[in-house]
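Subject: Structure handover

Hello,

Here is the structure I said I would pass on. Please have it open while you read the notes below.

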Amino acid sequence: MEKSGKYITGVYPGTFDPITKGHLHIIQRASKLVDRLIVGVAPNTRKGPLFSQEERVKLVSEDIANMHAKHCEIEVEAFDELLIHYVQRKKAQCIFRGLRATSDFEYEFQMTGMNAQMEPDIETVFLMASDKYQFVSSSFIKEIHALDGDISKFVTPAVLSALEQKKNQRKS
């Protein structure tokens with residue numbers, strides 16, 4: 001895809017608790033569409049994250065640093081404000097959202113409508129999850145791992161190691 005003469009910044013927000021290979025695939029694809037991609041790690045305490053926001057930023061940063069196919073500058077940072085305000089503050093033109101199933105679409109559709117009402121100049125771009133990752137969610141990853149299931153094909157070695165450390169901390 002040929003880019004226009006305009007410098008385009010996009011934001012891919014999420015909790016990333018933990019980041020999965022599905023997230024990384026969306027990040028890689030989104031990086032083809034913008035000149036700068038900001039991966040915003042939200043606190044989302046209502047979800048009861050396993051990892052602190054700081055730990056999640058570190059894991060996301062490490063995984064992106066090891067990602068082979070980056071097509072633009074990618075930054076990772078924590079944010080703790082209304083998403084549309086964060087996107088405005090970062091002077092971004094679009095928000096990337098990954099979709100796995102129709103249940104994702106309903107929630108994302110509502111959020112997109114609210115964001116468009118608050119800031120009509122910011123576009124939301126939906127990227128469908130690869131069929132390889134459509135069923136992968138951070139919640140499933142945590143649950144399967146807690147029950148000693150093999151999640152190695154869904155997360156990077158760094159994330160697997162971090163999950164093992166959390167599990168060992170809880171045991172002691």
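Helices here are DSSP runs of H or I with at least four residues, numbered from the N terminus. On that basis, N115 sits in helix α4, residues 102–118. Please keep in mind that this is a predicted model.

N115 counts as buried because its relative accessibility is 9%, and buried means under 20%. Leaving out residues up to four places away in sequence, N115 touches L83, I84 and I95.

T124 belongs to strand β5, residues 123–128. T124 is buried as well, at a relative accessible area of 18%. Its contacts beyond four places in sequence are I95, R97 and T112.

The cores

Which residues touch the most other members of the largest nonpolar core? They are I27, L37, I64, I74 and F96, in a core of 32 residues. Several elements each give at least two residues to this core: α1 (21–30), β2 (36–41), α2, β4 (94–99) and α6. There is also a second, separate core of 11 residues. Among its members are I38, Y86, A92 and I95. As background, nonpolar side chains tend to be buried together in soluble globular proteins.

I64 is worth a click. Not counting residues up to four places away in sequence, I64 touches L24, I27, V39, K70, I74 and V76.

Why is α1 described as largely enclosed by the rest of the structure? Because 7 of its 10 residues are buried. They are G22, H23, L24, I26, I27, Q28 and A30. At the start of α1, a side-chain oxygen of T20 comes within 3.2 Å of the backbone nitrogen of G22.

The loop between β1 (9–14) and α1 holds P18. The peptide bond from D17 to P18 is cis, with omega near 0 degrees. F16 lies in the loop between β1 and α1 too. F16 is not a glycine, yet its phi is positive, at about 55 degrees. F16 counts as buried, given a relative accessibility of 4%.

Now look at K91, in the loop between α3 (83–89) and β4. K91 also has a positive phi of about 55 degrees without being a glycine. Is K91 buried or exposed? K91 counts as exposed, with 65% relative accessibility.

Helix α6 covers residues 157–171. Its 15 residues should span 21 Å at 1.5 Å a residue. The end C-alpha atoms are 21 Å apart, so the two agree.

Which residues of α6 are buried? A158, V159, A162, L163, K166 and K167 are. In general, residues three or four places apart on an α-helix point the same way, because there are 3.6 residues a turn. The buried residues of α6 pack against α2 (53–65) and α5 (138–146).

Take α2 next. Its axis and that of α6 are 10 Å apart, and the packing angle is about 155 degrees. Angles over 145 degrees count as roughly antiparallel, so α2 and α6 are roughly antiparallel to each other. On the α2 side, the contact is made by E55, L59, E62 and D63. On the α6 side, A158, V159, A162 and K166 make it.

A146 is in helix α5. A146 is exposed, with a relative accessible area of 53%. How far apart are the C-alpha atoms of A146 and K166? The separation is 9.8 Å, for residues 20 apart along the chain.

D80 is in the loop between β3 (73–78) and α3. D80 is exposed, at 65% relative accessible area. D80 and V57 are 23 residues apart along the chain, and their C-alpha atoms are separated by 13 Å.

Best wishes

Notes
Residues are numbered from 1 along each chain as its sequence is written. This is a predicted model: local features need pLDDT of at least 70, side-chain atom pairs count only at pLDDT 80 or more; totals for chains, interfaces and linings use all residues. Side-chain values use heavy atoms; hydrogens and water are left out. The expected span of a helix is 1.5 Å times one less than its number of residues. Buried means under 20% relative accessible area, exposed over 50%, partly exposed in between (1.4 Å probe, protein chains only). Contact means heavy atoms within 4.5 Å. A nonpolar core is a set of buried Ala, Val, Leu, Ile, Met, Phe, Trp, Tyr and Cys residues joined through side-chain atoms within 4.5 Å. A polar contact is a pair of N or O atoms within 3.5 Å; within protein, one must be able to donate a hydrogen and the other to accept it, and residues adjacent in sequence count only if both atoms are side-chain atoms. Axes are lines fitted to C-alpha atoms, for helices over the stretch in contact, and angles run from 0 to 180 degrees between N-to-C directions. Angles under 35 degrees count as roughly parallel, over 145 as roughly antiparallel, 65 to 115 as roughly perpendicular and the rest as oblique.
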